[in-house]
Amino acid sequence: MPPRMLPEPTPETSHFWEGALRGELLLQRNRQTGEAYFPPRPFCPKTGSRDVEVFRASGKAVLWSYVINQRPRPDMGTEPYAIAVVKLEEGPTMMTNIVGCPQTPEALQLDMPLEVVFEKMSDTIALPFFKPAGA
Amino acid sequence: MKPKSVAVVGAAETTKMGKIPDVSVIGLHADAALNAMADAGLTPADIDGVATAGISPVELAHYLGIVPTYADGTQVGGCSFMLHVRHAAAAINAGLAKTILITHGESGRSRVGAGGFPRSPASLSGQFEMPFGPAGPPTMFTVPVLRYLKTYGLSVEDLAQVAVIQREWAAKNPRASFKDPITIDDVLNADMIAWPFTKLMCCLVTDGGGALILTSADRAKDFPQKPVYVLGTGESVETPMVSQMYDFTSSTAFKVSGKKAFETAGISHADVDHLMIYDAFAHLPLYGLEDLGFVKPGEAAAFIRERNTAIGGKLPLNTNGGGLSYMHSGMYGMYALQESVRQMRGIAPAQVPGAKISVSHGVGGMFAASGTIIFSNEAP
């Protein structure tokens with residue numbers, strides 16, 4: 001199996017990946033409005049303000065939408081897997097995989113509560129996955 | 001006639017369509033371009049503006065021996081050609097060029113001389129989507145759909161219905177890739193690609209191309225073909241990451257583009273006789289009908305189920321069979337435009353009797369971009 005496709009952090013995103021390596025889900029928010037956003041960038045996409053800060057998100061989310069890929073990408077193994085989007089408690093959506101749960105429509109119900117878990121993939125990268133809350 | 005009107009005076013697809021292993025990408029562009037020039041009674045020396053996507057307008061111009069005063073390389077995916085038409089209309093009115101050629105060619109199936117679409121692992125999509133296993137459009141464009149279905153209480157059968165009715169249109173089109181009738185069960189029982197999407201809810205992968213030639217409406221009357229006038233245009237872009245759509249039940253880019261096109265055309269939805277909505281996957285016509293304002297949010301599935309978009313319905317939709325049954329080389333927007341032009345010329349295989357206004361609506365990327373062109377065969 002070829003090595004899994006992994007992100008290459010940039011100066012604007014490195015804090016996110018450093019946080020992931022420590023097991024922290026980091027978002028950013030506008031310090032004036034408090035609105036959180038994702039993916040990382042050094043300004044608020046709603047207002048253009050550079051007065052933003054990084055903060056640790058709760059890691060809680062709900063399953064927002066997904067597909068179950070029946071033709072796995074070579075680096076993803078041989079079994080079908082869900083490509084999911086979760087809606088974080090703080091508002092933003094993010095793509096992820098759902099772990100600790102069968103990859104079936106029956107097990108993957110929209111709006112089910114989830115929580116973040118990190119899986120170390122290399123010396124510098126841990127990927128944020130989500131598992132059913134309390135599982 | 002309104003001042004500053006622009007018209008299509010040349011339109012053609014590639015000589016062959018479907019599987020063309022003996023022609024490269026640039027060759028498909030050129031074949032379509034030469035066919036469109038023949039249609040308009042022109043040669044490359046008459047063209048002073050070029051626009052294309054997939055390859056660079058430099059490659060196109062030099063290959064055809066054109067030395068243009070205008071070049072547009074806007075590349076936002078499959079609706080790039082709608083944006084090219086819009087920009088060409090503005091350019092003609094601004095005096096940047098008089099006769100603009102827009103081409104598409106793609107060896108989607110045979111991959112002859114075709115490039116790839118690498119995503120840098122440092123791009124935002126490369127960092128925040130690709131690590132989670134997307135394997136091309138069937139696993140990305142489809143991601144928002146379960147949320148859409150749940151929001152409006154719809155089912156997978158509602159997606160299947162789209163493919164069934166478009167196959168009925170394709171049966172009337174001799175050039176369509178697939179013409180045999182299908183049922184909802186056929187669609188649901190087809191190979192599963194990315195649950196809930198089966199193969200028959202996904203577009204074809206074929207080879208082909210198309211080209212358009214535009215000029216000012218006052219010159220258009222001197223050309224051999226009946227002019228097809230550009231009444232209104234719109235465009236927008238939204239996100240390079242499907243996971244970051246503003247709303248999973250609606251395309252913001254569709255809404256912005258469609259609204260602008262209807263406003264500039266000065267028409268209402270009731271005036272529309274024929275509609276093309278780029279259908280890379282079965283959910284696109286649902287989003288399109290709603291976001292363009294033909295029906296209210298959540299009503300498109302019932303509108304299609306009640307056969308309003310089918311043969312004999314009040315709003316014939318994707319009358320060539322669409323990307324699901326006609327052809328889809330990768331950037332299908334050009335074929336939607338071609339079918340609108342055929343309908344306005346009165347020469348479509350599944351001609352809508354008496355059609356006077358056609359809307360051609362495209363999507364680019366995975367809900368990344370949008371372009372809308374409103375055509376008429378009556379001078380504005």
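In which loop of chain B is B:Ala270 found? It sits in the loop between H9 and strand S9 (274-277) of chain B. This is a predicted model.

- B:Ala270 and B:Val228 are 42 residues apart in sequence. In space they are 20 Å apart, C-alpha to C-alpha.

**How H9(B) meets H10(B)**
- Two packed helices are described by the angle between their axes and the distance between the axes.
- Helix H9 of chain B covers residues 252-265, and helix H10 of chain B covers residues 284-291.
- Their axes come within 9 Å and cross at roughly 45°.
- H9(B) and H10(B) are therefore oblique to each other.
- The crossing of H9(B) and H10(B) is right-handed.
- H9(B) contributes B:Phe254, B:Lys255 and B:Gly258 to the contact. H10(B) contributes B:Tyr287, B:Gly288 and B:Asp291.
- By class, this contact of H9(B) with H10(B) has 2 nonpolar, 2 polar and 2 charged residues.

- H10(B) is mostly covered, with 8 of its 8 residues buried.
- Among the buried residues are B:Leu284, B:Pro285, B:Leu286 and B:Leu289. B:Glu290 and B:Asp291 of H10(B) are buried too.
- The buried residues of H10(B) pack against several elements of chain B. These are helix H6 (156-170), H9, S9, helix H11 (300-305) and strand S10 (357-364).
- B:Gly293 follows H10(B). The phi of B:Gly293 is positive, near 90°.

**The nonpolar core**
- The largest nonpolar core has 159 residues.
- Within that core, B:Val85, B:Ile100 and B:Leu214 touch the most other members.
- Leaving aside residues up to four places away in sequence, B:Ile100 touches B:Gly49, B:Ala51, B:Tyr70, B:Ala88, B:Ala91, B:Ile92, B:Ile213 and B:Leu214.

**Where chain A touches chain B**
- The contact takes 30 residues from chain A and 28 residues from chain B.
- On the side of chain A that touches chain B, strand S4 (60-69), strand S5 (81-88) and strand S6 (93-96) each supply at least two residues.
- S4(A) gives the largest share of that side, 6 residues.
- By class, the residues of the side of chain A that touches chain B divide into 18 nonpolar, 8 polar and 4 charged.

Conventions. Residues are numbered from 1 along each chain as its sequence is written. Chains are lettered from A and ligands numbered from 1 in the order in which they are written. This is a predicted model: local features need pLDDT of at least 70, side-chain atom pairs count only at pLDDT 80 or more; totals for chains, interfaces and linings use all residues. A nonpolar core is a set of buried Ala, Val, Leu, Ile, Met, Phe, Trp, Tyr and Cys residues joined through C-beta atoms within 7 Å. A residue is buried if 20 or more other C-beta atoms lie within 10 Å of its own, exposed if 12 or fewer, and partly exposed in between; C-beta atoms are placed from the backbone. Two residues are in contact if their C-beta atoms, placed from the backbone, lie within 7 Å. Axes are lines fitted to C-alpha atoms, for helices over the stretch in contact, and angles run from 0 to 180 degrees between N-to-C directions. Helices (H or I, at least four residues) and strands (E, at least two) are DSSP runs, numbered from the N terminus. Angles under 35 degrees count as roughly parallel, over 145 as roughly antiparallel, 65 to 115 as roughly perpendicular and the rest as oblique. A crossing is left-handed if the near helix is turned anticlockwise from the far one by less than a right angle, and right-handed if clockwise. Ala, Val, Leu, Ile, Met, Phe, Trp, Tyr, Cys and Pro count as nonpolar, Asp, Glu, Lys and Arg as charged, and the others, Gly among them, as polar.
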